[in-house]
Amino acid sequence: MAGKTDAQKGKGKGVAFGKWARIDKAQRNMLLAVCGTSVILGVTVVSIIYFAKVIAFNGKLIGEKDTIIKDYKSIQTSLNTIKDKVESLKSDEKLEVVSRTRAADCMKLTNKLNGDEEGESSDEETSVVSDIELARICTSLRVIPDAIPSKENVEATLASLNQLLLWSDGAIQIEGISGADVENATLYDENGTPVQTSLKPIGASLSIDDTTYRVHKALDTIENSIRNYDIASASITFSGDSRDSESIELHTTFRAYYSSTAGIEKQSKKVCADDTSDKCTGKKSSGKKSKK
């Protein structure tokens, strides 16, 4: 057989190069498809992880919001309960019996605030006395500061104690009255169970040297006072031959009380996706500095 001509050989080589070119193009297309699929898969996985974390964080946030809503409802219920109790105390007859003298202009102030007087008062007049101040000076609530002061005032406590002694008998022989250091005592309810309280003590030392009648009357007046005076310690010395002339020397330390003004405490809570993160724990990350 005769050998292939140069034209035939060239044509065969052209066909082979065409096949190789088509194979290379198919490989490039396949490589591009694989790379594109890998990128899409990677983005999809990252997106799934991200959205899973977002959903988990939002679920945690919704849970905390539900807790806050429950707390708000509980606070609102407590405020309404306190409001109802205060409203009932404003006209309590038992408090009114022991309350100090009502201000002479209470009726006038009440009428002004209610607009009952002829020619309703202006805003400037009504702004002088608020509803809260009116309740303090014109309702039975005015006894509360006398019963439980809102701050420690030893001088006022001693003055109140001295006034009680004068009310019992103006001629009683007071040997001395002064402040004293006392520790807070455990208070119990009517069932004998210890109760938690915010009351803080004020000490008052008293010395009396007088007849048994006057000393007994003084102690009885102190006991019946709207303000609580507990005897922390006492010593009694008797003298005299007859019961009528018998005198008593009394040295005692009383424990009165005051309560700090109640207020509203504002709280805040930070919610983190990771509870162990530095932002949530408040810890600062300690980075080690490399030595050069």
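The model is predicted, so local features need pLDDT of at least 70 and side-chain atom pairs count only at pLDDT 80 or more, while totals for chains, interfaces and linings use all residues. Residues are numbered from 1 along each chain as its sequence is written, and side-chain values use heavy atoms, with hydrogens and water left out.

Strands (E, at least two residues) and helices (H or I, at least four) are DSSP runs numbered from the N terminus, and two strands pair if DSSP finds at least two bridges between them. Strand E2 (residues 199-211) and strand E4 (residues 247-259) run antiparallel and are joined by 13 bridges. Thr 211 has Ser 247 in E4 as its bridge partner.

Axes are lines fitted to C-alpha atoms, for helices over the stretch in contact, and angles run from 0 to 180 degrees between N-to-C directions.

The axes of H7 and H8 come within 9 Å and cross at roughly 125°. The two helices are therefore oblique to each other (under 35 degrees is roughly parallel, over 145 roughly antiparallel, 65 to 115 roughly perpendicular, and the rest oblique). Contact means heavy atoms within 4.5 Å: Leu 161, Leu 164, Leu 165 and Ser 168 in H7 meet Lys 217, Ala 218, Thr 221 and Ile 222 in H8.
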